[in-house]
Amino acid sequence: MIRVLIADDQAMVRQGFGALLAAQPDLLVVGDAADGAQAVTAARHLDPDVVLMDVRMPVMDGLEATRKLLGDRSAQRPRVLILTTFDLDDYVYEALRAGASGFLLKDAPAADLVQAVRVVAAGDALLAPAVTRRLIAEFAARPERRRPRPTDLAGLTPRETEVLRLIARGRNNTEIAADLVVAEQTVKTHVGRILAKLGLRDRAQAVVLAYETGLVAAGE
């Protein structure tokens, strides 16, 4: 069972999402929260696999809550799926930088929400190719005081660097395998090694790092 915590300041949204997810045989809604502070406390007590995190909430917003949850190295850290009404919301960029595994628009079809939870719980990033190009390219173009250096990628092999570049361009494993004329399992192995070498949680962080180091330029 995938354990889910829902954080949103609107009771109707929490109830609606809760009912939808609870109807799935592999999903269990373990609790909900009306603000970011409650979400952090609830996550530490309920141990969810995935937190659906609204961006704009009182007391503590979703961004700060994500930072606290994913920055706590002493605790079991859940996957965070950001919910937003804006597909290019400034907070979304910062949430990805904080380690969120992706984002989903609140008006997305019900089936997309269910699938998003499953994808994130499995350890994958929820960044569709079109979203990746649109979201990350603009995100990477924004100034950042402490940008990673290109040498941070020095530990990657040439093939791993090539795979990372394709990930950053929004290619999935099947497409990367076709591009490089290799087996999909080989691509999965490369992706796993890239994440391990760079100390990254998932593909979302890999995409961010690729743009920030200049491996892929915004707008390419």
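Stop 1: Select Asp54, which carries the UniProt annotation "modified residue: 4-aspartylphosphate" from an unreviewed entry; UniProt positions follow the numbering used here, feature names are shortened, and annotations may be inferred rather than shown by experiment. This is a predicted model in which local features need pLDDT of at least 70 and side-chain atom pairs count only at pLDDT 80 or more, while totals for chains, interfaces and linings use all residues. Residues are numbered from 1 along each chain as its sequence is written, and side-chain values use heavy atoms, with hydrogens and water left out.

Asp54 lies in strand 3, residues 50-54. Helices (H or I, at least four residues) and strands (E, at least two) are DSSP runs, numbered from the N terminus. Is Asp54 buried or exposed? Asp54 counts as buried because its relative accessibility is 5%; buried means under 20% relative accessible area, exposed over 50%, and partly exposed in between (1.4 Å probe, protein chains only). Now show what surrounds Asp54: not counting residues up to four places away in sequence, Asp54 touches Ala7, Asp8, Asp9, Gly62, Leu83 and Lys106. Contact here means heavy atoms within 4.5 Å.

**Stop 2: two valines in loops.** Move on to Val59, in the loop between strand 3 and helix 3 (62-71). Val59 is not a glycine, yet it has a positive phi of about 70°. With 72% relative accessibility, Val59 counts as exposed.

Then pick Val181, in the loop between helix 8 (173-180) and helix 9 (184-198). Val181 has a positive phi of about 55°, again without being a glycine. Val181 counts as exposed, at 71% relative accessibility.

**Stop 3: a cavity.** Rolling a probe the size of a water molecule over the atoms shows where empty space is left. A cavity is a set of points, on a 1 Å grid over the protein atoms alone, where a 1.4 Å probe fits but cannot get out; lining residues have an atom within 4 Å of a point. Grid points are joined across faces, edges and corners, and a volume is the space filled by probe spheres set on the points. How many cavities of 30 Å³ or more are there? The count is 1, and the largest cavity holds about 30 Å³ of space.

To see its lining, select Phe17, Leu104, Leu105, Lys106, Ala108, Pro109 and Leu113.

**Stop 4: Leu20.** Go to helix 1 (residues 11-22), where you will find Leu20. Leu20 is partly exposed, with a relative accessible area of 23%. Leaving aside neighbours within four places in sequence, Leu20 is in contact with Ala110, Leu113 and Val114. Leu20 and Val114 are 94 residues apart along the chain, while their C-alpha atoms are separated by 8.0 Å.

**Stop 5: the nonpolar cores.** In soluble globular proteins, nonpolar side chains tend to be buried together. A nonpolar core is a set of buried Ala, Val, Leu, Ile, Met, Phe, Trp, Tyr and Cys residues joined through side-chain atoms within 4.5 Å. The largest has 23 residues, and those with the most contacts inside it are Leu153, Val163, Leu164, Ile176 and Leu198. Two or more residues each come from helix 7 (158-168), helix 8, helix 9 and helix 10 (203-212). A second, separate core has 21 residues, including Ala33, Ala43, Val51 and Ala65.

**Last stop: His190.** Finish in helix 9 with His190, which is buried, with a relative accessible area of 13%. Beyond neighbours within four places in sequence, His190 is in contact with Arg159, Glu160 and Val163.

Technical notes: 1 Å grid on protein atoms, 1.4 Å probe; cavity = no way out; pocket = protein on both sides within 12 Å on 5 of 7 lines; lining within 4 Å.
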